[in-house]
Amino acid sequence: MLDERAKKLLKALVERYIADGTPVGSRTLSRASGLELSPATIRNVMADLEDLGLIVSPHTSAGRIPTARGYRLFVDTMLTAQPPASVPPAPPQLAPDQPQRVIANAAQLLSNLSNFVGVITAPRKASVFHHIEFMRLSERRVLVILVAPDGDVQNRVIFTAQDYTQSQLIEASNYLTAHYAGLTIDDVRERLKTEVDALRSEIATLMQAAVQAGSEAHADSQEQVVISGERNLLTVRDFSSDMGSLRKLFDVFEQKTQLMRLLDVSSRAEGVRIYIGGESMVVPFEELSVVSAPYEVNGQIVGTLGVIGPTRMAYDRMIQIVDITSRLVSNALSTK
């Protein structure tokens, strides 16, 4: 455990490094901390902090900079995010009847306010059966048409083990619509586990095929990530001198798989969360941090948004930006 003196010095060092971007020496730290300590005492404390892995000395400087562990301790125990004096107004485009525009503008708003990268996942929708149709295309090729309550239509071609006549397909469509309409795909899948033996074989087979097709169609329509401001990272001094790091970052934005994994973790947490690079494989780059928060529609969490930038960022300000934008998006997408 750190004593109060060490905590104050670490806090002052992190804040000074975030503000200036240069390694912090003992003389600067003495002024920044407000503590009446001799330079020798400060150097001893900094040596202790370095032994704990909280700060490190770049090989070209006598000063120190925070490590990922140092940032984490600062964020968890020393950061006090003050409520903003004023909330930036929501852009006029955040209209509740234009959800895609809300999402796009939220990413841009996050980027503009932070000067880093804004990212947001599109709202996840429960895939619900409203109406199911089967259409015979040719021998053992059937088109499955799934209609959601909001009118969204998903089509999938399936290959069946036996050939069905169109009249058999119509009978199956009517039965399945009558008994399963209004249920989500997951609910239907669970019911089929107990009901499949009681259903006629062709009904059961077609229903299982419909569930599989619905799951695939739903997966294809999900996981949309909107990113804004990637070019902002080109002007960040922490990245601009290392083209290798920049290429890795842009690969993440291009592939989006790691980004989706991170945002999925964030969506299961309440409030604003901070992920600091180098701590785990969730954020695999040591120089990168993510400040994120879930957003809601009518009280249900449906997506995540956040800011991606260097570990040397003003975390208190990023927390405010992410929290405010989360509230704006939730309000714009929810039914008044």
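## Helix packing, strand pairing and cores

Leu9, Ala12, Leu13 and Arg16 of helix α1 meet Thr28, Leu29, Ala32 and Ser33 of helix α2, contact being heavy atoms within 4.5 Å. The axes of α1 (residues 4-20) and α2 (residues 26-33) come within 9 Å and cross at roughly 105°. This makes α1 roughly perpendicular to α2, a term for angles of 65 to 115 degrees.

The model is predicted, with local features needing pLDDT of at least 70 and side-chain atom pairs pLDDT 80 or more, while totals for chains, interfaces and linings use all residues. Residues are numbered from 1 along each chain as its sequence is written, and side-chain values use heavy atoms, leaving out hydrogens and water.

Strand β10 (residues 300-310) has nine of its eleven residues buried, meaning under 20% relative accessible area with a 1.4 Å probe, protein chains only. Its pairings are tabulated here; strands pair if DSSP finds at least two bridges between them.

β9 and β10 form a hairpin with two residues between them, and Asn298 in the turn has a positive phi of about 55°.

The largest nonpolar core has 68 residues, and Ile120, Leu259 and Tyr315 have the most contacts inside it. Such a core joins buried Ala, Val, Leu, Ile, Met, Phe, Trp, Tyr and Cys residues through side-chain atoms within 4.5 Å. Another core, of 22 residues, lies apart from it and includes Val142 and Ile185.

Conventions:
Buried < 20%, exposed > 50% of the residue type's maximum accessible area, 1.4 Å probe, protein only. Axes fitted to C-alpha atoms, helices over the stretch in contact; angles between N-to-C directions. Helix = DSSP H or I, 4+ residues; strand = E, 2+ residues; numbered from the N terminus. Parallel < 35°, antiparallel > 145°, perpendicular 65-115°, else oblique.
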